[in-house]
Each structure stands twice: as structure tokens, then as C-alpha cells.
Amino acid sequence: MPELPEVETIRRTLIEKIQNQTIEEIICYHPDVLVNPDDISLKNWLIKDIRRRGKYLLFDLEKAKLNISENNSSENNLNHVAKDSCVMMVHLRMTGKLLLEENIVEPAKHTHVRFVLSNGGSLDFNDTRRFGRITLFAPGHEFNDHGFATLGPEPLGYDFTADHLINTCKRYSKSTIKGVLLNQQAIAGIGNIYADESLFRAGIMPGRKAGDIPKTKIKLLHQKIREVIAEAIGYRGTSFRDYVDGLGNKGFFQLQLAVYQKDGEPCPNCGTTIERIKVAGRSTHFCPQCQK
Ligand SMILES: [Zn+2]
């Protein structure tokens with residue numbers, strides 16, 4: 001599942017290529033995947049910006065200027081609400097991918113939504129598991145999405161402080177520390193990979209109750225979360241199974257992983273065999289020697 005570093009890498013690859021391009025048409029091959037509560041038009045949107053919050057991508061779209069003949073096109077017959085701008089939210093979930101194609105090609109088996117671009121290519125939303133969602137919102141209405149509206153601070157943001165993490169551990173004191181890290185309302189953007197790696201670097205057992213961890217350890221964890229996330233962005237994400245960026249390129253952080261998916265292998269720190277257990281309902285990897 002793409003986590004913050006992967007989604008940020010996708011954002012960076014896309015913005016470089018398609019900022020100020022026009023989406024001429026949004027074609028939906030599978031109706032469940034594209035959600036349009038505000039009845040936004042599916043034609044002629046200029047991509048002004050692409051932002052990220054947690055694991056969400058937000059495309060800021062502005063109505064593209066059309067010449068007069070185009071203005072009389074089918075758009076006016078579609079009964080869509082005329083809006084000058086909108087926000088397109090993309091949540092990739094498990095296996096969602098946004099892939100740029102230089103030319104229009106046959107849609108792949110799992111291409112559910114296609115954005116036809118003015119440069120002759122397309123941006124395709126591809127998702128084998130089909131849990132990913134694309135939602136079009138009138139500006140500001142993105143906060144109607146509960147998951148988005150309740151996101152905690154960004155790990156690399158100024159409001160994610162050691163004190164915030166200490167208070168969060170107090171608030172969720174009965175939860176496991178891994179459960180806290182995975183809770184998007186506590187901190188935005190962390191998933192299984194970066195939770196396991198941060199806890200390894202901080203020397204904390206993932207199944208430990210958040211309320212039982214000393215403040216000094218939480219401060220160290222805060223520092224390690226920021227370190228791991230920043231490093232992973234630098235390595236362009238972790239390519240486990242099928243993650244690729246917007247251009248189809250893999251990331252490199254899988255080469256830096258210490259514990260994630262390393263069960264049965266020696267700990268890079270002490271040589272003890274890495275173990276795997278279930279914590280917070282997720283596969284969890286840790287070193288029984290280094291993590292207390
Ligand atoms: Zn170890």
C-alpha cells in the first residue's frame with residue numbers, strides 16, 4: 001500500500017510533467033471508482049497544482065479557457081453544475097496507481113479511470129484491487145470526506161512535535177504503539193512499512209501499550225519517524241510488490257529496510273532473527289533483542 005513517501009514521490013513525478021496541462025476529458029470505465037457528489041463536469045480542466053496530505057493526493061483544477069466553437073460542445077448539454085474550479089481527491093488505497101502515458105493506448109485490464117490530456121497522452125488510474133477512489137469536489141467540499149477531514153499532522157510538518165506525539169500516546173494510552181502510528185487521525189501518512197521501521201530505529205516493541213512508553217523513548221520515536229519518512233522520500237519510496245511512481249519507476253527504500261518483511265533474516269544491528277507477529281491487525285516485523 002502506498003504510504004506518505006510513495007504518494008509524495010508520485011506527486012513530484014506528476015507535477016513535473018502535467019502542471020498546467022489540460023485534462024480534456026475524464027473517462028470512467030468503472031463507475032464505482034469515480035465519485036462525483038457535486039456533479040462536477042468531466043471536461044476541460046487545467047491542472048493548476050497537485051498537493052498531498054497524508055496518503056491523499058489533491059489536484060487543484062481550474063476551468064480551462066475554451067474557444068467559442070468548443071464552448072458550444074456537448075459540455076452545455078450535460079446538465080453539470082458550471083464551476084470555475086474543483087478539487088480532485090485521489091486515494092490509492094491498496095494497489096492504486098496513477099500512470100502517465102505519452103500516447104493514448106488501449107486501456108489496460110485494470111484501468112478504471114482515464115484523464116485525456118491536451119498533450120496527446122493520458123493519466124491512467126489503474127487498480128487491480130479496486131479499493132482506490134477518485135472524488136471530485138467543489139472547492140472546500142473535500143472536507144466532507146471524513147477520513148480526509150480528520151487527518152492528524154504531517155510527520156514532517158511543523159505541528160508534528162515530540163509533545164504532540166507524547167500527548168497522542170496519552171490519548172490512545174490503551175492502544176499499541178503500532179496502532180497509534182497507523183491511526184491516520186493521530187499522524188497522517190504512516191502505514192505498515194514506516195511504522196515497523198520507525199519502531200525498530202527507536203528500539204520500541206510494536207505491541208507495547210502507548211501509555212506505558214517513557215517520554216524519552218517517545219521523543220526518540222518522534223525523531224526516528226521524521227528521519228525514516230524523510231529518507232524514504234529521498235529514496236523515492238519503497239517498491240514492495242507493485243508500487244511504482246507516476247512514470248512507472250520503482251523506488252529504492254526497500255534496500256534500506258531493516259525489519260519490514262525481513263522475518264527469518266538476521267537483524268542488521270545485532271544478528272538476532274527478525275520475527276513477525278500480528279499487531280493492530282497487521283503483519284508486524286521486529287527484532288526481539290533490539291526492541292523493548
Ligand atoms: Zn536486533
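Cys-267 is buried, with a relative accessible area of 4% (buried means under 20% relative accessible area, exposed over 50% and partly exposed in between, using a 1.4 Å probe and protein chains only). This is a predicted model, in which local features need pLDDT of at least 70 and side-chain atom pairs count only at pLDDT 80 or more, while totals for chains, interfaces and linings use all residues. Residues are numbered from 1 along each chain as its sequence is written, and side-chain values use heavy atoms, with hydrogens and water left out.

**Cysteines**

- Cys-169 also counts as buried, at 1% relative accessibility.
- The structure holds zero disulfides, a disulfide being a pair of cysteine sulfur atoms within 2.5 Å.

**Domains and their interface**

- The protein chain is divided into domain 1 (4-147) and domain 2 (162-286), with bounds that come from an automatic or database domain assignment.
- Their C-alpha centres lie 31 Å apart.
- Contact (heavy atoms within 4.5 Å) links 20 residues of domain 1 with 20 residues of domain 2.
- The two domains bury about 1600 Å² between them, 66% of it on carbon and sulfur atoms; this buried area is the accessible area (1.4 Å probe) that two parts lose on being put together, summed over both.
- Across this interface the rule finds zero salt bridges, where a salt bridge is a side-chain nitrogen of Lys or Arg within 4 Å of a carboxyl oxygen of Asp or Glu.
- On the side of domain 1 that touches domain 2, H1 and strand E6 (96-101) are the elements that give two or more residues. H1 gives the most, with ten residues.

**Helix H6**

- Ten of the eleven residues of helix H6 (residues 192-202) are buried, so the helix is largely enclosed by the rest of the structure. Helices (H or I, at least four residues) and strands (E, at least two) are DSSP runs, numbered from the N terminus.
- The buried residues of H6 pack against helix H1 (4-18), helix H5 (177-182), helix H7 (215-234) and strand E11 (282-286).
- Just after H6, Gly-203 takes a positive phi of about 70°.

**Asp-196, a residue to look at in H6**

- Asp-196 lies in helix H6 and is buried, with a relative accessible area of 0%.
- Leaving aside neighbours within four places in sequence, Asp-196 is in contact with Lys-178, Val-259, Tyr-260, Ser-283, Thr-284 and His-285.
- The C-alpha atoms of Asp-196 and Leu-181, 15 residues apart along the chain, are separated by 9.3 Å.
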